[in-house]
Amino acid sequence: MKKTVLSAAFGALALGVAFASPSQAADVSACLITKTDTNPFFVKMKEGAAAKAKELGMTLKSYAGKIDGDSESQVAAIETCIADGAKGILITASDTKGIVPQVQKARDAGLLVIALDTPLEPLDAADATFATDNLLAGKLIGQWAAATLGDAAKDAKVAFLDLTPSQPSVDVLRDQGFMIGFGIDPKDPNKIGDEDDPRIVGHDVTNGNEEGGRTAMENLLQKDPTINVVHTINEPAAAGAYEALKAVGREKDVLIVSVDGGCPGVKNVAEGIIGATSQQYPLMMAALGIEAIKKFADTGEKPKPTEGKEFVDTGVSLVTDKPVSGVESIDTKVGTEKCWG
């Protein structure tokens, strides 16, 4: 059975290994499981984890699903990490509810499990969460969009380009945050799509990539060609949305906002493709996670959340070259200094 699981995992996942010396490797090993290995956010996360593991003399094995939403591969990766005797797992879950039984299995086996970026559902299904305050990230771009539109915000036509049908917590938090910031009642804060504000044209999923963003934007434009505000789950989806808008001559009169803060995204803000983005810090997220696994292995101590929050907050900044009163932001020059990817 162990051999079958390992074979399936290696066949389904992209694997990268940061090597330590044999004696060190025997002491502490860790796993990083991301949604994909192509999104710059997860590429930077892997770099941060690998660099910190090397610094601390740890062995790191990195896994990634084929696409955003590929939960089966993540389940297989957890099985592999348990079988390998890892001390801890860092995971950005594609299915934040469905992965919970497998996470519990890892915890029962004595592994420290830390959710990165995307909280599990329920939050305490992991030992800790190291993440951007995704609700705040959404609020910032929602507030910025509302202030930028001014009185016109009350008649806006808003499209939501989301992540996957399973509605992972990161997707829900960013959506709900944007609605709160923009002045839309999100109704059930744990669910996407139950809102009744007439300004919402609709939701579509992107799988967090450019092709998905283009297709979702095309679908929503067919529903209402007068869309003038687009909330996107991340900057690759935003780039795809822009291409779809450009194809119909609407790229100049639609406000696109996003979350990520990668270097390509910040560049798109500077060029006016994206109006504003909330920048997060994946390298720090992963590096802190590796440090936490090492500390747990050495002392048995688990990480504690940021004071006043249920998770370890790794920071967020609004990036725009068109600041508005009442919403703190940094410009693209500073955003470029802090960007990744």
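Which residues lie nearest the centre of the largest cavity? A few notes on that and on the rest of the fold follow.

1. Ground rules. This is a predicted model, where local features need pLDDT of at least 70, side-chain atom pairs count only at pLDDT 80 or more, and totals for chains, interfaces and linings use all residues. Residues are numbered from 1 along each chain as its sequence is written, and side-chain values use heavy atoms, with hydrogens and water left out.

2. The cavity. N39, F42, D117, R174 and N234 lie nearest the centre of the largest cavity, out of 14 lining residues. The elements that give two or more residues to this lining are α3 and α7. By class, the lining splits into five nonpolar, four polar and five charged residues. The space inside comes to about 110 Å³, and the structure holds one cavity of 30 Å³ or more.

3. What the terms mean. On a 1 Å grid over the protein atoms alone, a cavity is a set of points where a 1.4 Å probe fits but cannot get out, while a pocket is an open set with protein on both sides within 12 Å along at least five of seven lines; lining residues have an atom within 4 Å of a point. Grid points are joined across faces, edges and corners, and a volume is the space filled by probe spheres set on the points. For the classes, Ala, Val, Leu, Ile, Met, Phe, Trp, Tyr, Cys and Pro are nonpolar, Asp, Glu, Lys and Arg are charged, and the others, Gly among them, are polar.

4. The largest pocket. This one holds about 430 Å³ of space. Of its 19 lining residues, P119, L123, S169, L173 and E310 lie nearest the centre. Helix α7 (169-182) is among the elements supplying at least two residues, together with β6 (128-131) and α6 (134-149), and α7 gives the most, with three. The lining has 10 nonpolar, five polar and four charged residues. Helices (H or I, at least four residues) and strands (E, at least two) are DSSP runs, numbered from the N terminus.

5. The second largest pocket. Its volume is about 310 Å³. There are 19 residues in the lining, with V254, L255, G272, G275 and K322 nearest the centre. Here α6 and β10 (255-260) are the elements that give two or more residues. The lining has eight nonpolar, five polar and six charged residues.

6. The annotated stretch. An unreviewed UniProt entry lists residues 32-301 as "domain: Periplasmic binding protein"; such annotations may be inferred rather than shown by experiment. Over residues 32-301 the chain is 45% helix and 17% strand, and the end C-alpha atoms sit 20 Å apart.

7. T36. Look in the loop between β2 (29-34) and α3 (40-56) for this one. T36 counts as buried because its relative accessibility is 7% (buried is under 20% relative accessible area, exposed over 50%, partly exposed in between, with a 1.4 Å probe and protein chains only). A polar atom of the T36 side chain lies 3.4 Å from the backbone nitrogen of T38. Leaving aside residues up to four places away in sequence, T36 touches F42, A64, G65, I67 and D68, where contact means heavy atoms within 4.5 Å.

8. A286. Buried or exposed? A286 is in helix α11 (residues 282-299) and counts as buried, at 0% relative accessibility. Beyond residues up to four places away in sequence, A286 touches M45, G48, A49, L90 and L116.

Conventions: Polar contact = N/O pair within 3.5 Å; in protein donor to acceptor, adjacent residues only side chain to side chain.
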